[in-house]
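Student: I would like to go through this model and ask what stands behind each label.

Tutor: Then let us look at it together.

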Amino acid sequence: MRGPRMESIPTTAPQPPTTRVAPVVEARSLSKRFGATKAVSDGSFHLAPGEVVALLGENGSGKSTLVKLLSGVLRPDGGEILVAGEPTRLRSPRAALDAGIVTVFQEILCARDCSVLDNLWLGNGSAVRSRAALRRRRELATRAWTALAGRPAGLDQPAGALSLMQQQICVIVRALLREPKLLVLDESTSTLDVTLQQRLFGELRRRTGEGMACLFISHRMDEVLTVADRFVALRSGEVVGTRGRGETDGRELIRLISGQEAATPPRLERAASPGEVAVELTGVRLRPASAPFGARIRAGEVVGLAGLEGHGQDELIKAIAGLHRVREGEIRVHGSGVRGYRRAVARGVVYVPRDRKVEGMADVLGVLDNYGLPTLRRDQRLGLVRPGRTRKRFRQDARTVNFVPGRQESIGRLSGGNQQKVIIARWLAAAPRVILLNDPARGVDQKTKHELYQVFRDLAAQGAAVVMLSSEVGELVHLMDRVLVFHDGSLSAELAGADLTGEALVSAYFGAGGRSVS
Ligand SMILES: Nc1ncnc2c1ncn2[C@@H]1O[C@H](COP(=O)(O)OP(=O)(O)OP(=O)(O)O)[C@@H](O)[C@H]1O
């Protein structure tokens, strides 16, 4: 995955602060190793008050390690961190919080059994007992949540009842309630839909206007270009360039982080003549008050499911996988009714979940075990599992998703993007006939995303029906044969061919435009 070191690329050296005001935080030549892996070898950058700085890099380039150094989770092997101009040892997460550095980590860390209110104040100040103090906490939480989400939250429900996007809002609001001097967002926008993303950017602007700095990490170039004032490019653990807004563009940034010319994304061949009906939905009603709908998805097609978060697309993809019951109607896969996950699997359906931490990945197991678990039977002989066989299969499927297997490593130690690749490779191994992907490119770098798109198109060309929920408009336009748009719990529009544009999609999200299918 890592690009070659390119001494020849002209890069701007990490700039000293341009203002007289001390940077909120400055990293000087930070380094961190994990055994033989040099995760960060020259991490130098700074954040001035009021700035949004994007930290860019491919999967495994060291972004999260830098974030962990700034947030006191890891200690650097070398280099130093200055807070407001003073060298500061961030010996623990508490020390970082005390220094005003608040991080929203890539993993959505919600205590599922605790109330939303408790989650929002988790670790923030001592327990409150007086009614007045409790009331004050509720008020502040409601105000911060509403500023971000546009409407108040049910503060007393357990956080586990929230959707993944709401849990992401929860962890962002928790960070904002701490009034950070530096807010670090590590891939924290990946589950937000377009409305929430815009609201978050508005809130960031408001807060940076008051002097907060923000370190923003995302693989989505469009959002990075929208939100950042400056870009710091990381390659193989080193800062290889810093650019100001207006001095650069997406192509140059991709060249910096990959060490290669940004390739024009390959044109993906659309399905010429789709085959037999693979998934048939008849009179499906997802919620008591939502309109029933029908649709057909054929072998050879790549079909997108889209909409603002919570409008039914997530329920539908899970229902096709047999993981969610619809209120009414029928879902047939290759002619048979889907009742339960087991039946769906038996009919060649695979489901790649959205939240790999909760639904997809066994953190305590190795990479190979995580890959091989569902298909281990194939590697059995006379009742014994032959790990050599699993390893051989893995080598092949890993190549397809551009993952380079290392030694017996624990999956928890892989970068987020690489974890996702292992989970996708797992399901490729099942030779699926219907492949259901729930936002599979979340947290995956641009180059790998395009490789995955090709994998999905190839699977379709080989006869699978590919159904993919996506929250990324560009991805839907680029990859899909058709997109089914959901609104208010029902299928409200279908876009295909020349009608499938970013503008048309976004207006369909709000219940307008597109070919009406109701
Ligand atoms: N605890 C750990 N033990 C061993 N190696 C680790 C550990 N954490 C990270 N690494 C390795 O350090 C390198 C940098 O990983 P890091 O998670 O910082 O990358 P990243 O840029 O955040 O990637 P992504 O975009 O996929 O999240 C990778 O090679 C990763 O496998």
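Tutor: This is a predicted model. In helix α13, the buried residues are T390, F394, D397 and A398.

Student: Why are the buried residues of α13 said to line one face of the helix?

Tutor: Viewed down the axis of α13, the buried residues fall within an arc of 100°, so they line one face. In general, an α-helix has 3.6 residues a turn, so residues three or four places apart point the same way.

Student: Which exposed residues sit on the face of α13 turned away from its buried side?

Tutor: That face carries G388, K392, R395, Q396 and R399. The cover over the buried residues of α13 includes α12 (367–372) and α14.

Student: How do you know that the span of α13 is close to what is expected?

Tutor: Helix α13 covers residues 387–400, which is 14 residues, and reaches 20 Å from its first C-alpha to its last. At 1.5 Å a residue the expected value is 20 Å, and the span is close to that. After α13 comes N402, with a positive phi near 60°.

Student: What makes R339 exposed?

Tutor: R339 has 11 other C-beta atoms within 10 Å. A residue with 12 or fewer is exposed, so R339 is called exposed. R339 lies in the loop between β15 (336–337) and α10 (341–346).

Student: Why is R245 called partly exposed?

Tutor: R245 has 14 other C-beta atoms within 10 Å. Exposed requires 12 or fewer and buried requires 20 or more, so R245 falls in between and is partly exposed. R245 lies in the loop between β10 (238–244) and α8 (250–258). Leaving out residues up to four places away in sequence, R245 touches A228, D229 and R230.

Student: What class does G85 get, and why?

Tutor: G85 has 13 C-beta neighbours inside 10 Å. G85 is in the loop between β4 (78–83) and β5 (86–87).

Student: What makes α1 mostly covered?

Tutor: Eight of the eight residues of α1 are buried. They are K63, S64, T65, L66, V67, K68, L69 and L70. G72 follows α1 and has a positive phi, near 75°.

Student: Which residues come nearest to the ligand?

Tutor: There are 18 residues around the ligand, and F34, N59, S64, S415 and G417 come nearest. The elements giving two or more residues to this shell are β2 (37–47), α1 (63–70) and α14 (416–428).

Student: How do you know which domains the shell around the ligand draws on?

Tutor: At least three residues of the shell come from each of domain 1 (25–110 + 179–258) and domain 3 (363–431). By class, the shell has three nonpolar, 13 polar and two charged residues.

Student: How do you know that domain 2 and domain 3 are in contact?

Tutor: 10 residues of domain 2 are in contact with 11 residues of domain 3. On the side of domain 2 that touches domain 3, helix α15 (residues 446–461) gives the largest share, four residues. That side has six nonpolar, two polar and two charged residues. The centres of domain 2 and domain 3, taken over C-alpha atoms, are 27 Å apart.

Methods
Residues are numbered from 1 along each chain as its sequence is written. This is a predicted model: local features need pLDDT of at least 70, side-chain atom pairs count only at pLDDT 80 or more; totals for chains, interfaces and linings use all residues. A residue is near a molecule or strand if its C-beta atom, placed from the backbone, lies within 6 Å of it. Ala, Val, Leu, Ile, Met, Phe, Trp, Tyr, Cys and Pro count as nonpolar, Asp, Glu, Lys and Arg as charged, and the others, Gly among them, as polar. Domain bounds come from an automatic or database domain assignment. The expected span of a helix is 1.5 Å times one less than its number of residues. The arc is that of the directions from the helix axis to the C-beta atoms. Two residues are in contact if their C-beta atoms, placed from the backbone, lie within 7 Å.
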